[in-house]
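Subject: Structure handover

Hello,

Here is the structure we talked about. Please open it alongside this note and follow along.

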2 protein chains.
Amino acid sequence: MTRQQLVQEIRNKKTYLCVGLDTDITKIPKHLLSAADPVFEFNRQIIDATKDFCVSYKINTAFYEALGRKGWDAMEQTVNYIPESHFTIADAKRGDIGNTSTQYAKAFFETLNFDAITVAPYMGADSVKPFLEYKDKWTILLGLTSNSGAQDFELQPAGDGLLYEKVLTTAAQWGTPENLMYVVGATQADSFTAIRNLTPDHFYLVPGVGAQGGSLKEISAKAMNKEVGLLVNASRAVIYASTGEDFAERAAEVSKDYALEMAGYLQ
Amino acid sequence: MTRQQLVQEIRNKKTYLCVGLDTDITKIPKHLLSAADPVFEFNRQIIDATKDFCVSYKINTAFYEALGRKGWDAMEQTVNYIPESHFTIADAKRGDIGNTSTQYAKAFFETLNFDAITVAPYMGADSVKPFLEYKDKWTILLGLTSNSGAQDFELQPAGDGLLYEKVLTTAAQWGTPENLMYVVGATQADSFTAIRNLTPDHFYLVPGVGAQGGSLKEISAKAMNKEVGLLVNASRAVIYASTGEDFAERAAEVSKDYALEMAGYLQ
């Protein structure tokens, strides 16, 4: 999917919500456990219920890998089920030496046909560039993450600024706003204005709204740019809004609430 | 596997070689392609041929994920086939917020029963600690990697030293030499003495010998400690020593050569 197509979808639907499919088989409603593939069945119903209120789905690969080959099966089925109109993200945090990153790019962009993958920056240019070489595919590099561990390295001094700032500005030379986004956690709202100044044109994937406590209002005010530039992810707050038989209806309600709030910020 | 068991295996077999199963279906001998699972068949023959000359196998997850569910199947079969005596490493470079790293730990330590996993440090303490909580399992954190991209962040100034030094010393507070190792690339031989001074007791997983050009002699001289403290990995140099029907015999010869050289350094 191109940047222009993504921005158009956001404008048309008046939402920049990404729904995170962090599907944990121990947390899904009990009545689904008799399905042939409970994880895929849960995802299918969540997608049907929320697709009108979001423009993107993010699959957190860890939850699928925890189930071994069955989980990988459920991931394949899920990404194939997501409508073409929606931007699909493999939240995989991959990154390795060049010839290995090439294999990860093949896994997520060819074998599974995701639009985007999250990538860890630690190993530098040759670990990231193989992902950037795919036309109309996206690399979403970790910038400043939402977790407490961001203090340990990301927010430490590195050269003239902080490490995450060095990552943002260095990687901006490897890709363009047409193929590179950054992960910026919603819990880092104090830093959003500075981050937008450093990278005015890039999209951000923003996790941490909902269960992790970030403010949608604040990040939208500080980081939206003229082409929106934001995909805000909610995972647990949407998919586990109810653990009963009404889980899909409740997921629809919560994602609709996010979308309505976003429509206000888009005006 | 405990540290004591690993050191004992190294002493008994007089080798600290790890064979890297970076098995690329486009590079394996043509006569294997008619097997039910060519990747597993290749690995099985490589393991049979090399197990006397190494103490560890490292599975590079990227090459398996590139094949989708079939690749995940081949990975499961391979890790189950490796003898109990050998230290098994998932070279997966994972790392995410705490609740997600917990799922990755489950995937590689429970579902797949590896002894160890490689982990990326960028996201800090809560992204690493879930791996450290498993008894007799190992976290192998990226320190200074073998690729050219190490220059971009790892070797840049961060506080009083370089970023990778900060990673080594910070993470040494999260784990112990009983459950934490570091990845240090063999191409970084100039830094090995300083790294050993910073972390005198930890094991290092050292990739980059062979195809990447690192010197086994130099790293052994600089970084071996009184409990050896080294697992040196060779992947392509062993498994693709021949691309013909003699691939397993040639892999045995090359791994035996490494083991003989290592036996000399162990005296």
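Ala116(B) stands opposite Trp138(B) in strand E5 (residues 138–144) of chain B. Strands here are DSSP runs of E with at least two residues, helices are H or I runs of at least four, and both are numbered from the N terminus. This is a predicted model: local features need pLDDT of at least 70, side-chain atom pairs count only at pLDDT 80 or more, and totals for chains, interfaces and linings use all residues. Residues are numbered from 1 along each chain as its sequence is written, while chains are lettered from A and ligands numbered from 1 in the order in which they are written.

Strand E4 of chain B

E4(B) and E5(B) pair in the parallel sense over 4 bridges. Pairing requires at least two DSSP bridges between two strands. E4(B), helix H6 (residues 125–132) of chain B and E5(B) form a right-handed β-α-β unit. Right-handed means that, with the strands pointing away from the viewer, the path from the first strand over the helix to the second runs clockwise.

E4(B) also pairs with strand E3 (residues 87–94) of chain B, in the parallel sense, over 3 bridges. There, Ile89(B) stands opposite Ala116(B). From E3(B) the chain crosses through helix H5 (residues 98–111) of chain B to E4(B), in a right-handed β-α-β crossover.

Which way do the residues of E4(B) point? Ala116(B) and Thr118(B) point one way, Ile117(B) and Val119(B) the other, and all are buried. Buried means 20 or more other C-beta atoms within 10 Å of the residue's own, with C-beta atoms placed from the backbone. In a regular strand the side chains alternate between the two faces of the sheet.

The barrel of chain A

In chain A, a closed barrel of 8 strands runs E1-E2-E3-E4-E5-E8-E9-E10, with parallel pairing. Strands E1 (residues 17–21) and E10 (residues 230–234) of chain A run parallel and are joined by 3 bridges. Cys18(A) stands opposite Asn233(A) in E10(A).

The two chains together

The contact takes 51 residues from chain A and 51 residues from chain B. Residues are in contact if their C-beta atoms, placed from the backbone, lie within 7 Å. H5(A) gives the largest share of chain A's side, 7 residues. The copies meet through the same surface, because 100% of the interface residues of chain A are also interface residues in chain B.

Best wishes

Terms used: Two residues are in contact if their C-beta atoms, placed from the backbone, lie within 7 Å. A residue is buried if 20 or more other C-beta atoms lie within 10 Å of its own, exposed if 12 or fewer, and partly exposed in between; C-beta atoms are placed from the backbone.
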